[in-house]
Amino acid sequence: MRFSEFGLTTLKEVPAEAEIVSHKLMLRAGLIRRLASGLFTWMPLGLRVLRKVEAVVREEMDRAGALELLMPAVQPAELWQKTGRWDQYGPLLLRMSDRHDREYCFGPTHEEVITDIACRELRSYKQLPLNFYQIQTKFRDEIRPRFGVMRSREFIMKDAYSFDIDADGLEISYQKMHAAYSAIFDRLGLDYRIVWADSGEIGGSKSQEFHVIADSGEDAIAYCDEDNYASNIETAVTLPVDGKRPDASQSLQKIATPGVQTIQDLCALLNITARQTVKTLIVEGTDGPVAVVLRGDHELNAVKAQKIDRIASPLTMADPHTIREATGSEAGSLGPVGLQIPVVFDHAVAGMADFSCGANEIGYHYTGVNFERDLPLPETADMRNVVAGDPVPGGIGTLSIARGIEVGHIFQLGTKYSEAMGASVQDSGGKDRSLEMGCYGIGITRIVGAAIEQNHDDNGIIWPEPLAPFNVVIVPINMHRSDAVRVAAEALYEELQSMELDVLFDDRDVRPGVKFADAELIGIPHRLVVSERGLEADELEYRHRRDDESRNLNREAALNLLKESAIS
């Protein structure tokens with residue numbers, strides 16, 4: 001491709017609306033252009049990257065035995081009403097009506113549509129297992145679209161759905177997709193982790209996410225490479241306290257703490273750390289309010305807490321009136337001592353002694369609180385976010401915390417959708433069985449943004465080679481004033497194309513500095529400079545996008561290097 005014919009416009013300045021690196025660089029490099037909030041046009045350069053992602057995804061899905069189809073983007077409301085998600089999905093669902101006042105939505109996902117296909121097409125266990133996939137545009141009406149393609153309203157997704165006769169078959173299909181996803185992200189050259197996750201609004205049981213590691217990631221990931229463990233913070237397990245609780249060494253004292261409303265205030269007043277305090281929160285329960293108690297430096301995990309018996313789901317914090325009725329006090333002065341409502345302690349609290357907490361009286365706290373003297377032995381549960389240094393559930397090593405960008409998610413749905421929509425087949429005994437389903441999604445557009453978040457420097461994008469829009473850029477110096485440079489550059493361009501490399505030939509009549517800056521901004525892995533000085537020495541100036549310095553190579557060495565890169 002000749003740069004002069006490519007219609008690419010790059011930007012020197014960072015657009016005002018861009019918040020994170022990938023958004024800034026995608027706009028500056030001309031990969032995308034904004035149409036409206038959360039809506040982007042993929043320009044030719046960006047589309048080349050997008051198609052490369054799609055090609056890898058297709059190859060691995062096909063290799064895993066999945067069958068590609070294409071379902072309608074617009075879906076009738078009655079399908080979503082059968083599963084109850086027409087109301088559950090809420091304002092994320094873009095709803096519309098046709099001229100006959102029939103209701104539809106622009107699909108954010110396709111569980112209902114694919115299950116309807118199964119209802120119509122599948123009759124016998126002999127047709128199973130089956131796995132259908134598509135690569136298609138989705139729409140979710142995000143309340144606050146941000147970060148460019150990382151959280152847009154319209155996006156391209158690969159979604160797949162497996163059908164099996166029983167849970168054992170589903171597990172086999174799930175593991176095939178797990179392997180296919182690992183192969184996809186390996187081939188794309190991304191640093192990623194596979195983490196256990198909550199199934200969320202999609203539903204089902206087993207669920208794992210694929211996260212590209214990047215500082216800008218919205219999700220916190222707990223991992224330990226030593227134990228090959230990784231989990232989303234929402235589902236990372238904390239363990240009961242191992243070992244004997246320290247003996248009490250302080251007497252219980254009630255002290256005045258005027259104006260103290262937070263753990264930070266209490267620590268400053270008493271000259272202690274948050275690890276020596278507990279905080280008490282009041283939440284809605286299934287039969288009245290419930291107190292949950294955590295160590296002062298820990299955070300409540302809503303996903304875990306709402307799964308505890310007697311705590312209502314979704315987790316809802318009690319309002320000030322309910323708190324006063326239940327405790328006689330207000331938030332900021334609450335503690336477990338003397339409470340007359342059910343109390344659930346986090347595992348970590350059970351190992352504490354001589355701790356401080358609210359006295360359930362405004363302006364007062366207790367110090368020297370101990371179990372078996374001031375409080376009964378605690379009923380404990382896992383209901384906090386893990387922190388760096390927590391033990392790994394498997395017992396080998398400790399956890400580290402990193403930020404991750406979710407780019408893939410695989411679920412075992414079970415019969416959640418097949419039962420709701422009547423999707424069944426006859427088993428070998430002639431009995432009707434609801435289909436066991438799996439769901440497997442990859443964010444195609446999000447992968448592009450995540451790759452940039454992980455691979456960039458101050459000058460621009462540094463594409464992993466499988467994602468690069470072009471393999472190599474030819475930069476001729478002053479070719480419009482040197483016949484020798486023009487002829488040599490044209491010949492090199494033709495030869496590289498004959499090697500089936502994607503080549504960008506920067507034939508613009510602009511200063512060399514502009515060409516170099518654009519090549520680095522766009523992030524093309526290999527750069528070859530053709531100049532009169534190089535031609536005199538029978539050399540090309542070569543530089544990899546990740547290198548700090550250029551080097552001079554003879555023509556044959558340069559071509560061999562590019563051949564080896566293309567093969568690898």
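Colleague: What makes strands S3 and S7 count as a pair?

Modeller: Two strands pair if DSSP finds at least two bridges between them. Two bridges join S3 (residues 67-68) to S7, and these strands run parallel. Leucine 67 stands opposite phenylalanine 132 in S7. This is a predicted model, in which local features need pLDDT of at least 70 and side-chain atom pairs count only at pLDDT 80 or more, while totals for chains, interfaces and linings use all residues. Residues are numbered from 1 along each chain as its sequence is written, and side-chain values use heavy atoms, with hydrogens and water left out.

Colleague: How many bridges join S7 to strand S8, and how do the two run?

Modeller: There are 10 bridges between S7 and S8 (residues 154-164), which run antiparallel. Tyrosine 133 has alanine 160 in S8 as its bridge partner. Strands are DSSP runs of E with at least two residues, helices are runs of H or I with at least four, and both are numbered from the N terminus. By that definition the protein chain has 15 helices and 30 strands.

Colleague: Why is S7 called largely enclosed?

Modeller: Buried means under 20% relative accessible area, exposed over 50%, and partly exposed in between, with a 1.4 Å probe and protein chains only. Nine of the 10 residues of S7 (residues 130-139) are buried, so the rest of the structure largely encloses this strand. For the protein chain, buried residues make up 53% of the 568 residues.

Colleague: Which backbone oxygens does the side chain of serine 418 reach?

Modeller: One is that of threonine 415, at 3.4 Å. The other belongs to leucine 435 and lies 2.6 Å from a polar atom of the serine 418 side chain. A polar contact is a pair of N or O atoms within 3.5 Å; within protein, one must be able to donate a hydrogen and the other to accept it, and residues adjacent in sequence count only if both atoms are side-chain atoms.

Colleague: What puts the buried residues of H12 on the same side?

Modeller: Val485, Ala488, Ala489, Leu492, Tyr493 and Leu496 are buried. They cover an arc of only 140 degrees around the axis, so they lie on the same side of H12; the arc is that of the directions from the helix axis to the C-beta atoms. Asp483, Val487, Glu494 and Ser498 are exposed on the other side.

Colleague: Which residues have the most contacts inside the largest nonpolar core?

Modeller: Leu31, Tyr181, Phe185, Val448 and Trp463, in a core of 66 residues. A nonpolar core is a set of buried Ala, Val, Leu, Ile, Met, Phe, Trp, Tyr and Cys residues joined through side-chain atoms within 4.5 Å. A second, separate core of 26 residues includes Ala77, Trp86, Leu413 and Tyr417.
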